[in-house]
Amino acid sequence: MSGLARRFTGFRAVLRREFHGYFASPLGYIFIVIFLIASGYLMVSRDFGRFLELREANLDALFSYLPWIFVVLVPAVAMRLWAEERRSGTVELLLTLPITLEGSYLGKFLAGWAFLAVSVFLTWPAVFQVARLGDPDWGAIFASYVATLLAAAVLLAIGLLFSALSKNQVVAFILAVAASVGFLLIGVPQTQEFVGKWFGGYVERVVSSLSLLDHFEALTRGLLQLNSLLFFVLFTVGWLVCGMLVLGQTKTN
Amino acid sequence: MSEDGEVLIAVSDLTKHYGPIRAVDGISFEVRRGDVLGFLGPNGAGKTTAMKMITGFLEPDRGSIAVAGIDVAADRLAVSRRIGYLPEDAPAYGEMTVEAFLRFIAEARELEAEEQAIEAVLETAHLRSVRGQTIETLSKGYKRRVGLAQALIHDPDVLILDEPTDGLDPNQKAVVQDLISSLSSDRCIVLSTHILDEAERVCNRAVILSEGRILVDSTPEDLVSQAPGHNAVRFRVTEGDAEEVAARLAETEWCASARVLPGGEVEVEPRDGENRLNDVLAAVGEHRVADVRVREGRLDELFRDVTRGVAA
């Protein structure tokens, strides 16, 4: 076994268990229903997506609001993953099996991500409608799904970090929502204006390059730019590594 | 205690601090194939901490542990394949069924014949009747057996059981103890308990820990014979004066104490812990006695004596 594969020993068993876990309780189904209602409402609402008013054969009305829905729903998917293991003591069982800490962490992350992917792909009727009503830009739709999954990944990695930090699911949830909102607010124009006024153009450029919303928008326009892809990958990996380090400290408390 | 079995656990100078508290303080011992070692000790003695280090969940501050010849610090994964571990309170995923939970463990352990292993362990732990139930709906006794089943599923050489009967009712305790006894040949078992009867019943070796140090490493039988009051003789005086009999016994050179108990019985404790029944009867002389019995040493008294010495 190579060194890297060995480091993630056991992730498959954890991935399978956790993914099935979402569907073993009503929680997973409730999540999907809430997600679909919220995204559908924001898409057609006159105050937000205005899909019906715009009469354009694209799904910007759907995708542009998904990060804001994720800010609340992704921490809900993540909160249980470590907090519950530590509260019930099963973390001791898990980490004395032939599973590495990194392997179990990765398994849980992939399970949560796969569950989010299932939820996101259940928006397919919107795609179907757009295709029926007009001639959409398939490249943009594909890129938007990629961007959505990448945004879900980075927010899930944040949620997982706070789940590793607190034994209490509610605390983990609230902290993750706060951190995710902060992460998104970096990207809104008001923040960037404020930063530009007080710290100058260079800092403003740095801050805006850290904006999840900017990179998300860039990707949804159909341009799979390398720097935006790298942004998501690096931040996801970064939060995952932080979370593994945190769990190494908190697992025995 | 088996003298010639293969050494399966070798612990040397094991030490662990929690902040300023020394939870485990330089303990060393070996456990061989065939041994059932009972870790005895008051709460906070370091039993659980020592077990967590053997399984690789906690890293020691100092010292080394080898399981089946493999250094735990160097290769925890290899060690975890040789160990079955029941953590304190037998944690398990409550929302899973017994069968799904065992399947997860079998998958994580990458067992080749998964289904056979699951069936075998359901049989051993008497869990067939509840295989489809979710674990959170089971009684404590069943939950504990689920914990034992997951520890046994890969037929490990080394079993580490942290308080396997704690919190169970007497019937459930007996079932779990019988199960442990049936597993003891051909592997080594380390279990912690603060129930001394259990150590006597299940273990062939007993280690008393207190404040992180090993105070006694012996067999339960030896411990019993060292316990205060071992081979004390009790009887009722049916004809004659109990006080007089007690006084007469107290004068003999082998007698540590002789007194009349509140219920009117006389109790004589020998100085050397030997069985002195004949001497007692000889000393009683012309008095008539009934209900004569020799009692065994009480482990809990020894335990209190030994562990109090450290605390003082």
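**Close-up views of a predicted two-chain model**

**View 1. The contact between chain A and chain B.** In this predicted model, 19 residues of chain A are in contact with 19 residues of chain B (contact: C-beta atoms, placed from the backbone, within 7 Å). On the chain A side, helix H2 (11–24) and helix H7 (90–94) each supply at least two of the residues that touch chain B. H2(A) gives the largest share, four residues. Helices (H or I, at least four residues) and strands (E, at least two) are DSSP runs, numbered from the N terminus. By class, the chain A side has seven nonpolar, 10 polar and two charged residues. Ala, Val, Leu, Ile, Met, Phe, Trp, Tyr, Cys and Pro count as nonpolar, Asp, Glu, Lys and Arg as charged, and the others, Gly among them, as polar.

Residues are numbered from 1 along each chain as its sequence is written, and chains are lettered from A and ligands numbered from 1 in the order in which they are written. Local features need pLDDT of at least 70 and side-chain atom pairs count only at pLDDT 80 or more, while totals for chains, interfaces and linings use all residues.

**View 2. Helices H3 and H6 of chain A.** H3(A), residues 26–44, packs with H6(A), residues 66–88, at an angle of about 170°, the axes being 11 Å apart. Axes are lines fitted to C-alpha atoms, for helices over the stretch in contact, and angles run from 0 to 180 degrees between N-to-C directions. The two helices are therefore roughly antiparallel (angles under 35 degrees count as roughly parallel, over 145 as roughly antiparallel, 65 to 115 as roughly perpendicular and the rest as oblique). Phe31(A), Ile34(A), Phe35(A), Ala38(A) and Ser39(A) of H3(A) meet Leu66(A), Ile69(A), Leu73(A), Ala76(A) and Val77(A) of H6(A). Nine of these residues are nonpolar, one is polar and none is charged.

**View 3. Helices H8 and H15 of chain A.** H8(A), residues 101–121, and H15(A), residues 226–250, pack at about 130° with axes 10 Å apart, which makes H8(A) oblique to H15(A). From H8(A), the contact takes in Leu101(A), Glu102(A), Tyr105(A) and Phe109(A), and from H15(A), Leu240(A), Gly243(A), Met244(A), Leu247(A) and Gly248(A). These divide into six nonpolar, two polar and one charged.

**View 4. The setting of these helices in chain A.** Chain A has 15 helices and zero strands. Its C-alpha atoms fill a box of roughly 55 × 45 × 40 Å, taken along the principal axes.

Terms used. Two residues are in contact if their C-beta atoms, placed from the backbone, lie within 7 Å.
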